[in-house]
Amino acid sequence: MTTVCIPRTNSYAWAAGLTLLALAIPLLGWQMTAERHIGIPPAVFLPFHTLAEVFAVVVAAMVFITGWHVHDEKRPTVSVMLACAFLAVAIMDFAHLMSYVGMADFITENSPHKAIVFWLAARYAAAGALLAYALMPQQPLARRMRGRYLGISLGFVTALLYVGIWHPEWVPDTFIAGTGLTPFKVNMENGVVVLNLFTLGLLYRRRGEFCESSMQATFFAVALMLVSELFFQVYSRVTDLANVLGHAYKVFAYMFLYRSIFLDSVKAPIVRLQQARAAVEESERRHRELLETAPDAIMVVDGQGIIRMVNERLEQMFGYQRAELLGMQMEALVPYRHQERHQRHRQGYVKSPRLRPMADKLDLSGCRKDGSEVPLDIALSNFHSDAGMQVTAFIRDVSERRRMEADLLHQTTHDALTGLPNRTLFHDRLAKAMVQARQHDRLVALILLDLDHFKAVNDGWGHNYGDLFLGEVARRLTTVLRLDDMVARLGGDEFVLLLSDLEFVEDVGPVADKIVRLFAEPFPIEESEVFVSASLGVAVFPGDGDDVTTLLRNADVAMYRAKSEGRGGIRYYTRDLDTRMRENLLLQTYLRRAVEKGQLELHYQPQIEISTNRISGVEALLRWTHDELGDVSPARFIPVAEASGLIVPIGSWVINTACRQIRAWQDAGIPTKVAVNLSAHQFRYGCLVDVVKAALSASGAAPSLLELELTESALMDDPKAAAQVLGELESLGVTIAIDDFGTGYSSLAYLKMFSLHKLKIDRSFVKDVAHDPEDAAIVEGLVSLAHSLGMRVVAEGVETEDQRASLARLGCNAFQGWLHSRAVPAEECFRMLAGDCRAEDRPSPASG
């Protein structure tokens with residue numbers, strides 16, 4: 001049970017109780033001294049006794065009346081029990097008064113014994129009731145218990161009145177004239193003392209369960225009753241002062257008990273009422289605060305759609321004053337085009353109300369006073385009042401949420417760097433375009449675009465400028481689009497264009513040509529201009545694929561074929577590209593097994609010094625003979641090795657094998673320079689310096705007899721890093737040659753920053769050097785450039801004497817080609833070296 005505690009505001013009652021208890025100690029000590037007993041005249045005592053008992057009866061009756069007539073379901077049941085018990089106490093005290101000697105006979109003849117019987121009955125009724133009060137739990141009153149308590153009280157009174165009036169002799173003697181109180185009477189009084197002491201102990205132990213104020217008054221009442229009983233035990237004559245003091249303390253005890261009952265039965269309900277009223281007022285205040293400070297607009301309407309209550313947020317949201325809103329038809333806040341439908345929905349809701357939370361997937365909007373609309377989310381609940389059903393609408397402005405949702409959708413479907421649609425959105429648009437094309441018998445084309453050498457931009461200028469470059473590419477691509485076309489970034493430097501609603505495949509050509517021309521213009525980076533080409537692969541629906549995955553894959557196949565054919569071009573998908581791809585996959589598998597089983601071998605092609613017509617060195621060329629495929633051309637399997645990453649382990653094997661061959665020829669007395677080709681992939685990612693160092697160390701080959709050939713593209717992808725690697729290789733003592741010069745970047749400015757010893761002229765310039773003045777001029781320029789930089793010059797692919805003679809005339813140092821010999825196995829090459837010249841004519845390991 002929740003106890004209503006009344007603040008202890010009456011300090012006078014507290015002081016009076018303490019004062020009375022404090023006075024009782026010396027008074028008891030005084031009265032217990034037999035020789036100092038003081039008596040009062042009987043003529044004075046009887047009126048005093050009558051007055052004291054009448055007052056006590058009145059107070060006890062008030063305890064009952066107060067406790068009985070207050071109907072409060074929250075009051076403790078022990079309070080009613082105590083009130084009913086004091087009805088018995090009041091009647092017993094009244095019977096005691098009327099039975100007192102000197103009063104008119106109370107039905108039967110009065111006597112001290114008769115009066116004491118009623119006295120003891122009153123004392124035990126009070127002590128027992130107070131003990132029960134201390135023992136019983138503080139539980140709310142049950143209606144049926146009121147009658148039971150009253151019945152018990154009246155039954156007790158009836159029994160005691162019957163015994164005391166008609167059969168007092170049933171009770172042992174309590175007073176003997178001339179002698180005083182009997183041991184029975186004293187022991188009975190002692191029993192009351194014990195009960196009161198026990199009650200005080202229980203009250204103290206359970207003090208936290210009672211209201212402080214009523215507990216205080218009850219405690220003083222029991223303590224004063226205890227003092228009263230002690231006074232009644234020390235008098236020897238009825239007129240002794242101790243008897244007078246006992247009656248006085250009994251009256252004081254009743255007064256404190258009345259205060260306790262008053263606090264429990266009268267004051268506590270009033271306090272509860274006041275607290276409830278304050279709680280209601282506080283609840284109303286908080287409700288109003290919550291209503292006015294709620295982040296959502298709140299509106300209450302009746303069953304006819306009339307607005308009955310709004311908060312400040314709703315006024316702000318719709319731009320109306322509260323006075324304008326109250327009494328307004330709520331459809332006035334709905335856009336005109338939706339008002340009729342909204343009214344039907346509202347009427348249906350009133351007939352069948354239900355809870356509707358927010359985020360109910362409805363596209364709702366409201367109409368402001370100025371006519372503008374605001375997107376809304378609305379939750380509904382209903383309640384019933386005296387005016388009928390009321391509907392509460394919680395209205396939230398979701399403008400910001402809609403904007404965030406739109407931003408999130410854009411982020412999930414668009415590329416953050418370029419703002420173009422991403423792969424997800426592209427797949428969705430492509431699928432829809434294919435459905436439309438199928439329905440209307442039209443074509444859809446994909447142009448997959450991949451930038452050539454974009455890594456050089458990133459590495460040379462930094463990723464920030466690489467991002468700016470991609471943004472400029474995206475901007476340029478959007479300029480070639482038709483209204484219904486789309487360009488998306490799939491990732492990295494890969495873009496795709498979707499051309500829909502085409503009638504002929506030939507319609508793709510003009511768009512593809514425009515894209516190629518876009519890359520003919522330089523891209524500005526800082527104060528410089530960069531030229532980057534793009535390789536394009538084209539696939540057309542439905543001929544090249546009838547689903548998104550197949551069409552995109554085939555466009556990818558075409559794009560990679562365009563790259564392999566020299567980059568910067570356009571390649572349309574054809575079925576033979578698929579065949580080529582499958583062949584490449586099979587070839588990759590065979591090549592991997594060949595590496596694992598050691599089926600690769602090196603052949604060597606001599607390089608002939610033009611001035612002496614003797615062998616000045618050899619170039620190691622990779623050869624592969626497969627059990628089923630036979631001899632596989634390097635032009636066929638080297639690109640597959642580069643694409644699959646096998647070129648790195650293959651390249652390491654070639655370097656180690658070449659170094660072992662160098663050492664073998666050294667040991668045979670024929671020290672010969674061996675040139676090894678390096679791929680760009682191997683140069684960039686193959687830990688080249690460590691591989692060369694380990695091969696030289698393991699074989700014991702002279703570093704000066706090892707020559708490493710690199711293409712221009714391998715050097716130009718990252719010139720600074722290439723220069724560092726070349727410097728480390730030169731420090732090992734190996735020779736560095738640049739292969740196929742003139743077919744790549746031909747960046748003359750970069751040549752002087754690299755550690756190069758030899759320049760090899762590509763066979764494309766050698767083929768017509770004897771008959772084409774332009775080729776002759778190019779070769780002459782290359783030779784002159786190389787010699788000016790301190791490099792030797794070797795021409796590749798020499799097949800005729802005219803070519804050799806022209807190269808000799810143009811100043812070329814050496815040549816290699818079928819004019820002298822094809823590439824041959826190591827044993828045959830050794831025989832050629834041995835028969836070419838005497839051992840003393842061979843260059844020493846230190847020579848270049």
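Trp-166 counts as partly exposed, because its relative accessibility is 47%. In this predicted model, Trp-166 belongs to helix 5, which covers residues 143-166. Together with Ile-107, Tyr-162 and Trp-170, Trp-166 makes a nonpolar surface patch of about 510 Å².

**Confidence of the prediction**

The average pLDDT of the protein is 82, and 90% of the residues score at least 70. Confidence is highest in strand 23 (residues 814-815), with a mean of 93, and lowest in helix 25 (residues 748-751), with a mean of 60. Over residues 837-848, pLDDT stays under 50. For that stretch, the model has 18 contacts beyond four places in sequence.

**Salt bridges**

The whole structure contains 32 salt bridges.

| Residue with Lys or Arg side chain | Residue with Asp or Glu side chain | N to O distance |
|---|---|---|
| Arg-308 | Asp-302 | 2.8 Å |
| Arg-346 | Glu-331 | 2.9 Å |
| Lys-563 | Asp-450 | 2.9 Å |

The pair of Arg-308 and Asp-302 may be considered through the accessibility of each partner. Arg-308 is partly exposed, because its relative accessibility is 48%. Asp-302, by contrast, has a relative accessible area of 6% and is therefore buried.

Glu-331 and Arg-346 also form a salt bridge. This pair links distant parts of the chain, the two residues being 15 residues apart. Glu-331 is located in the loop between helix 10 (322-325) and helix 11 (336-351), whereas Arg-346 is in helix 11. Is Glu-331 buried or exposed? Glu-331 has a relative accessibility of 7%, so this residue counts as buried. Arg-346 is likewise buried, since its relative accessible area is 9%.

Asp-450 counts as buried because its relative accessibility is 9%.

Salt bridges may also join several residues. Glu-53, Asp-93, Arg-123, Glu-229 and Lys-250 are linked in a network of this kind.

**The surroundings of Ser-535**

Both Lys-563 and Asp-450 are among the residues that Ser-535 touches. Ser-535 is placed in strand 13, which comprises residues 534-541. Its relative accessibility is 0%, so Ser-535 counts as buried. Which side chain makes a polar contact with the side chain of Ser-535? The partner is Asp-452, at 2.8 Å. Other residues touched by Ser-535, beyond four places in sequence, include Leu-448, Leu-449, Met-559, Ala-562, Arg-567, Gly-568 and Gly-569.

**The surroundings of Val-244**

Val-244 is part of helix 8, which comprises residues 241-293. A relative accessible area of 12% is the reason why Val-244 is buried. When neighbours within four places in sequence are left aside, Val-244 is in contact with Ile-40, Phe-45 and Phe-48. Phe-232 is twelve residues from Val-244 along the chain, and the C-alpha atoms of Phe-232 and Val-244 are separated by 8.8 Å.

How values were computed:
Residues are numbered from 1 along each chain as its sequence is written. This is a predicted model: local features need pLDDT of at least 70, side-chain atom pairs count only at pLDDT 80 or more; totals for chains, interfaces and linings use all residues. Side-chain values use heavy atoms; hydrogens and water are left out. Helices (H or I, at least four residues) and strands (E, at least two) are DSSP runs, numbered from the N terminus. Buried means under 20% relative accessible area, exposed over 50%, partly exposed in between (1.4 Å probe, protein chains only). A polar contact is a pair of N or O atoms within 3.5 Å; within protein, one must be able to donate a hydrogen and the other to accept it, and residues adjacent in sequence count only if both atoms are side-chain atoms. Contact means heavy atoms within 4.5 Å. pLDDT is the predictor's confidence in each residue, from 0 to 100. Patches are made of residues with over 30% relative accessible area and no salt bridge: like charges are joined within 9 Å, nonpolar side chains (Val, Leu, Ile, Met, Phe, Trp, Tyr) within 5 Å. Accessible areas come from the Shrake-Rupley method with a 1.4 Å probe; for residues, only the protein chains shown count as cover. A salt bridge is a side-chain nitrogen of Lys or Arg within 4 Å of a carboxyl oxygen of Asp or Glu.
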